[in-house]
There are 2 protein chains.
Amino acid sequence: MAERAIIVCAGEVTREDLAAAAPGSGDLVIGADRGYQRAMELGLVPQIILGDFDSAARPDREDIEVYPAIKDDTDSVLAVNRALEEGCREIVLLGALGGRLDHTVANLQTLLYIRDRGARGWLLGGGTAVTAIRNESLELPRMEGYLSVFAADGPCRGVTLEGLFYPLREAELTSSYPLGVSNQFTAPTARVTVAQGALYVMTVPFDHQ
Amino acid sequence: MAERAIIVCAGEVTREDLAAAAPGSGDLVIGADRGYQRAMELGLVPQIILGDFDSAARPDREDIEVYPAIKDDTDSVLAVNRALEEGCREIVLLGALGGRLDHTVANLQTLLYIRDRGARGWLLGGGTAVTAIRNESLELPRMEGYLSVFAADGPCRGVTLEGLFYPLREAELTSSYPLGVSNQFTAPTARVTVAQGALYVMTVPFDHQ
């Protein structure tokens, strides 16, 4: 049973993105719709391929899981559900950022979906990394970039930021004022805590284009 | 007193974006930091220029409003506050989408900031348009694209979607499941209602790159 899933979605995926995900032989690789092509191009062979294939060519394999095009779940959510069924505790999505904004926001919300099912999700793309936390702390190693936190599901209480240029201590954060954007590391490790509520935690490299 | 403000932010702004904003002679144009250069390049002369100018050249005008680089407000929020002070009831932000994801999410949350101060905000870029609504209805004319709604500030109750392929009737929408992504118009006008809570309402053209 794989501990970690790498889901390749339909958006752009570079070699740098793949390197950031650092796939290992024990990982479960899932191609979500057109994402299976991205995976193959990068030399990753998905163990699971799923989607509605309404706009992408259906791969020539017997074991494809085809879903109806008219459905409530996005391809990302379908793939996440399969990863959760397989017991994965960490789920990395590639090709889920940087394309259509509606897809990006849907994938951000999918991070909360993953979190609320007891696993940790990450969106990686173009050097940007995002996860969602709820009622917990997260430590992140210093990187050459900005760290931002955003209220992800209504008001957050007890938000504490440590090891960052703009610290917070037991603060409230709301979805209608982006107080937590563009912070910077001042220590080898930053620690983000939210006592009550959910946060997106995001790092963006200084040299982002 | 201007009814409407066009705020030009530091991100990319195309002629198509400017045309979508349809600036009129009565509009208040604000250049937010590096955005004043974008405005000038497009032939828009800002009446107000503000920012910290920590990374952009400071324009050669006497009436620039310079803020400290170390501050809580983003340049977008500073500009929005000025537009609200000037009495604007509609605030369009250009150059606020499509760059760094932390900036994009901060600007999405700024739409709620605007809404909660009694005005209507819009982010326009690359054919994508986003606004935020709270405890209200919004009508949108049919366009050649997808319409999506996302819970923007915790759970939403009484979400009703009319004139769309996937209708909803008095539904609940949460931030942890993107049920409202990629809907499509089936009528000349779509109507989005949220009885209790806040939604992002977003349109993305079919031919989005």
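Modeller: About 160 Å³ of space lies in the largest cavity. This is a predicted model: local features need pLDDT of at least 70, side-chain atom pairs count only at pLDDT 80 or more, and totals for chains, interfaces and linings use all residues. Residues are numbered from 1 along each chain as its sequence is written, chains are lettered from A and ligands numbered from 1 in the order written, and side-chain values use heavy atoms, with hydrogens and water left out.

Biologist: Which residues lie nearest the centre of the largest cavity?

Modeller: On a 1 Å grid over the protein atoms alone, a cavity is a set of points where a 1.4 Å probe fits but cannot get out, and a pocket is an open set with protein on both sides within 12 Å along at least five of seven lines; lining residues have an atom within 4 Å of a point. Grid points are joined across faces, edges and corners, and a volume is the space filled by probe spheres set on the points. The lining of the largest cavity holds 16 residues, and nearest its centre are V105(A), Q109(A), Y200(A), A152(B) and Y200(B).

Biologist: Which elements give two or more residues to that lining?

Modeller: Helices (H or I, at least four residues) and strands (E, at least two) are DSSP runs, numbered from the N terminus. The elements are helix 4 and strand 8 of chain A, together with helix 4 (101-115) of chain B.

Biologist: How many residues of the cavity lining are nonpolar, polar and charged?

Modeller: Ala, Val, Leu, Ile, Met, Phe, Trp, Tyr, Cys and Pro count as nonpolar, Asp, Glu, Lys and Arg as charged, and the others, Gly among them, as polar. The lining divides into 11 nonpolar, 4 polar and 1 charged.

Biologist: How much area is buried between chain A and chain B?

Modeller: Contact (heavy atoms within 4.5 Å) takes 46 residues from chain A and 46 residues from chain B. Buried area is the accessible area (1.4 Å probe) that two parts lose on being put together, summed over both. Carbon and sulfur atoms give 63% of a total of about 3,500 Å².

Biologist: Which three residues supply more than any other three of the area that chain A buries against chain B?

Modeller: Their share is 18%, and they are R100(A), L101(A) and Q109(A).  The side of chain A that touches chain B takes its largest share, 11 residues, from helix 4 of chain A. That side has 25 nonpolar, 14 polar and 7 charged residues. To name the three again: R100(A), L101(A) and Q109(A).

Biologist: How many salt bridges are there between chain A and chain B?

Modeller: A salt bridge is a side-chain nitrogen of Lys or Arg within 4 Å of a carboxyl oxygen of Asp or Glu. Over all chains, the search finds 28. Between chain A and chain B the count is 0.

Biologist: What does the D153(A) and R134(A) pair tie together?

Modeller: The closest N and O atoms of this salt bridge are 3.1 Å apart. D153(A) lies in the loop between strand 8 and strand 9 (156-162) of chain A and R134(A) in strand 7 of chain A, so the pair ties together parts that are 19 residues apart in sequence.

Biologist: Where is A22(A) found?

Modeller: Most residues other than glycine have a negative phi. Phi of A22(A) is a positive value, near 45°. A22(A) sits in the loop between helix 1 (15-21) and strand 2 (28-32) of chain A.
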